[in-house]
Amino acid sequence: MGADTTIFVIDEITALPGRGKELLAAYRERYAPGAEARGMTLDRILVSPPMWLNDDSNTIQISWTLKGAAAWWGMSFQGRNDPAVADWWAEADEMIVRRNRYFATAEADIAEITHV
């Protein structure tokens, strides 16, 4: 896998009703700096529906990018061995209904990624 291949790391988080804005602020303050230190580049943040809800849940999709397999493995190794990451997610659980993390790439890069 070449260093030019973009790997997307997508966090999809559904906040408890009325806690979406607070959750995103905490994510930016406490998770994002460590993610950037592990080589992740913030691509975009999407909030659905596109307004902060007081009585219902917002779903927040946060997309990060990494360039190439070495960057992905480096990020993964560092994240698993950094207790601050586990601490953050444990702390954030009180604001979350559910969360998922996806890894993806452009269709055009699949052949390169699977050529190991």
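Helices (H or I, at least four residues) and strands (E, at least two) are DSSP runs, numbered from the N terminus.

**Figure 1. Overview of the chain, a predicted model.** From the N terminus on, the elements follow the order β-α-β-β-α-α-β-α, which comes to four helices and four strands. The C-alpha trace spans about 45 × 30 × 20 Å along its principal axes. Of the 116 residues, 34% count as buried; buried means under 20% relative accessible area, exposed over 50%, and partly exposed in between (1.4 Å probe, protein chains only). Contact means heavy atoms within 4.5 Å. Among contacts between residues at least 6 apart in sequence, 76% join residues at least 24 apart. Residues are numbered from 1 along each chain as its sequence is written, and side-chain values use heavy atoms, with hydrogens and water left out. Because the model is predicted, local features need pLDDT of at least 70 and side-chain atom pairs count only at pLDDT 80 or more, while totals for chains, interfaces and linings use all residues.

**Figure 2. Surface and charge of the chain.** Lys and Arg count as positive and Asp and Glu as negative, whereas His and the chain ends are not counted. Each charge is placed at NZ of Lys, CZ of Arg, CG of Asp or CD of Glu.

**Figure 3. Helix α2, residues 68–80.** The 13 residues of α2 reach 19 Å from the first C-alpha to the last, close to the 18 Å expected at 1.5 Å a residue (the expected span is 1.5 Å times one less than the number of residues). Gly68, Ala69, Trp72, Met75, Ser76 and Gly79 are the buried residues of α2. Seen down the axis of α2, they fall within an arc of 150°, so they line one face of the helix; the arc is that of the directions from the helix axis to the C-beta atoms. Their cover includes β1 (6–15), β3 (59–67), α3 (83–92) and β4 (96–105). Ala70, Trp73 and Phe77, on the other side of α2, are exposed.

**Figure 4. Helix α3 and its packing.** Val85, Trp88, Trp89 and Ala92 are the buried residues of α3. They cover an arc of only 90° around the axis, which puts them on the same side of α3. These buried residues pack against β1, α1 (20–37), α2 and β4. Exposed Pro83, Asp87 and Ala90 are carried on the face of α3 turned away from the buried side.

**Figure 5. Phe103 and Arg98 in strand β4.** Phe103 counts as partly exposed, because its relative accessibility is 43%. Leaving aside neighbours within four places in sequence, Phe103 is in contact with Phe8, Val9, Trp72 and Met75. Its C-alpha atom is separated by 9.6 Å from that of Thr65, 38 residues apart along the chain. Arg98 touches Glu12, Ile13 and Thr14, not counting residues up to four places away in sequence. The C-alpha atoms of Arg98 and Ala69, 29 residues apart along the chain, are separated by 28 Å.

**Figure 6. The cis peptide bond between Ser48 and Pro49.** Omega of this bond is about -10°. Pro49 lies in the loop between β2 (41–48) and β3.

Definitions and conventions:
Areas by Shrake-Rupley, 256 points an atom, 1.4 Å probe, with all protein chains shown as cover.
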